[in-house]
Amino acid sequence: MEATPAKTTPTEATPAQAAPGEAASAGETPGEGTPAEAIPAEETPGEAASGGTAPAEAAPTLFDPVRLGAVSLPNRVAMAPMTRSRAEPDGTPTPLMATYYAQRASAGLIIAEGTHPGPAGRIGPGAPGLHTDEHQRGWARVADAVHEAGGHIFVQLMHAGRLAHPAFLPDGLHPLAPSPVRARTLVYTPDGRLDAVTPRELTGARIRRLIDDFARAARRAVAAGLDGVEIHAANGYLLHQFLGDSSNLRTDMWGGDTAGRIRTVVEVVRAVAAAVGPDRVGLRISPGNHYGDMAEHDPDEVYTALIRELADDPIAYLHLRETGDTALDGRVRALWPAALIVTPQNNPCDLAKAHPAAWWLKRGADMVAFGGAFVANPDLVERLRVGAPLNQPVSTGVYGGGAEGYTDYPTLREQARGRG
């Protein structure tokens, strides 16, 4: 992970989105999905792109309520999914994870870190799972803690695909992917950063089982008391690999053309919606994101097709990682008829994303997701509301460890009492 002297700037990954996946490269920074994706230069927001939305009425603020599917939320600040590597070795969420998420329950919606729906989908050491009874009990503790604190929480379901590694997969499992194409990147393992390996190609039957894995994990999530699930089809992980023309070289129904490449994502979304209800399902996408050695030569065509195919499916929301292409971002908003969460691109000088957040709400986003700012500021919503300075994240404890750098950041109230 890249670090500045004495501090880092974790933000969302994408895993989560960003998970321990690859060495620093283009994409999002530590947090939502993986250690250390470099912060891309932020596009300067301008006028809404042609085809985007430009509501005539006054835009909502971050502090206005909003409804996403089955849940009514008190504000429009979402906590982006960020891998923090605190689960037990078997993937069971820990009591410390429950404390961490409960501390951040003032977010309108917490989207919990990338969580594998089956053993071969693990994204790295300390990543949580949701495919055993123990996993479900662990997530129930998290859900209870967040709800007791007045919050709402979805969990992000993600499969690492070719960004998994035999060094941390259990029982001799090997990474799986749409095609046997190795990602030219490094993967974070217990033995340090290692070259990604060539994955095994999924058979058609195994793809069907994979779709079922997502649906079963979603049922476990709702049974555990979580408010819903977000399906991760972004940031170079398995479902994104199906969308990419460099990672999906198949010629069967799961690849070959645009309709084939979007099919797995569409079927996962519909299977999960059938399992738990569409109003408890979100989908995350990151058109054109190169993280994980991804290449999408025509993201406009692929994502236009994907959004049009799912536009009549009444899922709770679409979660867009801003592309930096204002025309493409505008088309996503114009084509998607339901709620849209946007994670703006990251500017290290604007950890709070205050300007892009207001710009996106004016442009038609329903919520804005914040990543790194939530790492060090459990009370981020209040700090944004009153214009208070933000705590800066320290390098200790970004990935793995105990309470230090995880649950020990002070709130404004605690600082006023002399702590922190």
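Predicted model: local features only at pLDDT ≥ 70, side-chain atom pairs only at ≥ 80, totals over all residues.
Me: Can we step back to the whole chain? How many helices and strands does it have, and what share of its residues count as buried?

Reply: The chain has 11 helices and 15 strands. Its accessible surface comes to about 14,300 Å², with 51% of that belonging to carbon and sulfur atoms. Among the 420 residues, the share that count as buried is 60%.

Me: How are H1 and H2 oriented to each other, roughly parallel or roughly antiparallel?

Reply: Two packed helices are described by the angle between their axes and the distance between the axes. For H1 (residues 95–103) and H2 (residues 133–148), the axes are 8 Å apart and the angle is about 30°. Angles under 35 degrees count as roughly parallel. The two helices, H1 and H2, are therefore roughly parallel.

Me: Which residues of H1 and H2 make their contact, and how do they divide by class?

Reply: H1 brings Met 97, Ala 98, Tyr 101 and Ala 102, while H2 brings Trp 139, Arg 141, Val 142, Ala 145 and Val 146. By class, this contact of H1 with H2 has eight nonpolar, no polar and one charged residues.

Me: What angle do H6 and H7 make, and what is the hand of their crossing?

Reply: Helix H6 covers residues 299–310, and its axis lies 10 Å from that of H7, at an angle of about 10°. That makes H6 and H7 roughly parallel. Their crossing is right-handed.

Me: How do the residues in the contact of H6 with H7 divide by class?

Reply: On the H6 side, the contact is made by Pro 299, Asp 300, Thr 304, Ile 307 and Arg 308. On the H7 side are Leu 328, Arg 331, Val 332 and Leu 335. By class they are five nonpolar, one polar and three charged.

Me: Is Arg 250 buried or exposed?

Reply: Arg 250 is in the loop between helix H4 (238–243) and helix H5 (258–276). Among the residues it touches are Pro 178, Glu 201, Ile 207 and Phe 242. Buried means under 20% relative accessible area. Since its relative accessibility is 7%, Arg 250 counts as buried.

Me: What distance separates the C-alpha atoms of Met 158 and Leu 238?

Reply: Met 158 is in the loop between strand E6 (153–157) and strand E7 (176–177). Met 158 is buried, with a relative accessible area of 0%. Leu 238 is 80 residues away along the chain, yet the C-alpha separation is 7.6 Å.

Me: What is the phi of Ser 85, a residue other than glycine?

Reply: Ser 85 lies in the loop between strand E4 (77–79) and H1, and with a relative accessible area of 9% it is buried. Its phi is positive, near 60°.

Definitions and conventions:
Residues numbered from 1 in each chain as written. Heavy atoms only, no water. Axes fitted to C-alpha atoms, helices over the stretch in contact; angles between N-to-C directions. Helix = DSSP H or I, 4+ residues; strand = E, 2+ residues; numbered from the N terminus. Parallel < 35°, antiparallel > 145°, perpendicular 65-115°, else oblique. Contact = heavy atoms within 4.5 Å. Nonpolar A, V, L, I, M, F, W, Y, C, P; charged D, E, K, R; others polar. Buried < 20%, exposed > 50% of the residue type's maximum accessible area, 1.4 Å probe, protein only. Areas by Shrake-Rupley, 256 points an atom, 1.4 Å probe, with all protein chains shown as cover. Left-handed = near helix turned anticlockwise from the far one by under 90°. Lists of a residue's contacts leave out its neighbours within four places in sequence.
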